[in-house]
Amino acid sequence: MEVKDGRFYLRRDFVERGDVRAARAAFRDYYVLRGRQRITKRVKYYAPKVGVEPRGVEVRDLGYRWASCSPTGRLAFHWKCMMAPPKIIDYIVAHELCHIHQGDHRVAFWNEVDKILADFEEWKEWLRKNGAGLDI
């Protein structure tokens, strides 16, 4: 798959065969590759603001979760994040980075998120309302 002039182009044989699984895999692979680039860049931007140094970043399928933070500070992001607007990606990144300080979702955690993104509640709500629609 490739993108030209803002449009996705699938390989002709996927289309001619009606190979939906291969087409979905091509989209997923595209978003994983682009996600590694974009999300790693955003992690590098936000990590100093949060005051943390994550131990790694990966982009993969996380089932029903947008992202996760391991106890050792490794971050994982669902490839579907890449279908969200840039501000939502930033919210997800900042959210996970704050988990390096605070492992749960208590008040102290949300205070950390608020220090980084004062408008986080707007983006949290956008994700709650629209997140299920981000699919291929």
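This is a predicted model: local features need pLDDT of at least 70, side-chain atom pairs count only at pLDDT 80 or more; totals for chains, interfaces and linings use all residues.
Is Trp110 buried or exposed? I found a relative accessibility of 18% for Trp110. Trp110 therefore counts as buried, since the cut-off for that class is under 20%.

**Entry: Trp110 and its surroundings**

I next examined the ring of Trp110 together with that of Phe109. Their centres are 4.8 Å apart and their planes stand at 75 degrees, so I recorded the pair as edge-to-face. For that label the angle has to be over 60 degrees. Phe109 has a relative accessibility of 0% and therefore counts as buried. I also noted a charge at Trp110: the charged end of Lys124 sits over the ring, 3.9 Å from its centre.

**Entry: aromatic pairs elsewhere**

How many aromatic pairs does a search of the whole structure find? I noted five. One of them joins Tyr30 and Tyr31, with 5.5 Å centre to centre and 70 degrees between the planes. Tyr31 counts as buried because its relative accessibility is 11%. I then found that Tyr30 and Tyr31 belong to one aromatic cluster with Trp79.

I looked up a further charge over a ring, at Tyr45. There the charged end of Arg42 lies 4.6 Å from the centre of the Tyr45 ring and sits over that ring.

**Entry: Glu96 in helix α3**

I turned to Glu96, which is placed in helix α3, residues 86-101. Which side chain of opposite charge is nearest to Glu96? I identified Arg65, at 7.6 Å. A salt bridge would require a side-chain nitrogen within 4 Å of a carboxyl oxygen. I accordingly recorded Glu96 as buried and without a salt bridge. Leaving aside residues up to four places away in sequence, I listed its contacts as Ala67, Ser68, Cys69, Leu75 and Phe77.

**Entry: Ile100 in helix α3**

Ile100 also lies in helix α3. I found a relative accessible area of 30% for Ile100, so this residue is partly exposed. With residues up to four places away in sequence again left out, Ile100 touches Val52, Pro54, Cys69, Gly73 and Leu75.

How far apart are Ile100 and Glu58 in sequence and in space? I recorded 42 residues along the sequence and 15 Å from C-alpha to C-alpha.

Conventions. Residues are numbered from 1 along each chain as its sequence is written. Side-chain values use heavy atoms; hydrogens and water are left out. Helices (H or I, at least four residues) and strands (E, at least two) are DSSP runs, numbered from the N terminus. Buried means under 20% relative accessible area, exposed over 50%, partly exposed in between (1.4 Å probe, protein chains only). Lys and Arg count as positive and Asp and Glu as negative; His and the chain ends are not counted. Contact means heavy atoms within 4.5 Å. Rings of Phe, Tyr and Trp (its six-membered ring) pair if their centres lie within 6.5 Å; planes under 30 degrees apart count as stacked, over 60 as edge-to-face and the rest as tilted. A charge sits over a ring if NZ of Lys or CZ of Arg is within 6 Å of the ring centre and within 35 degrees of the ring normal.
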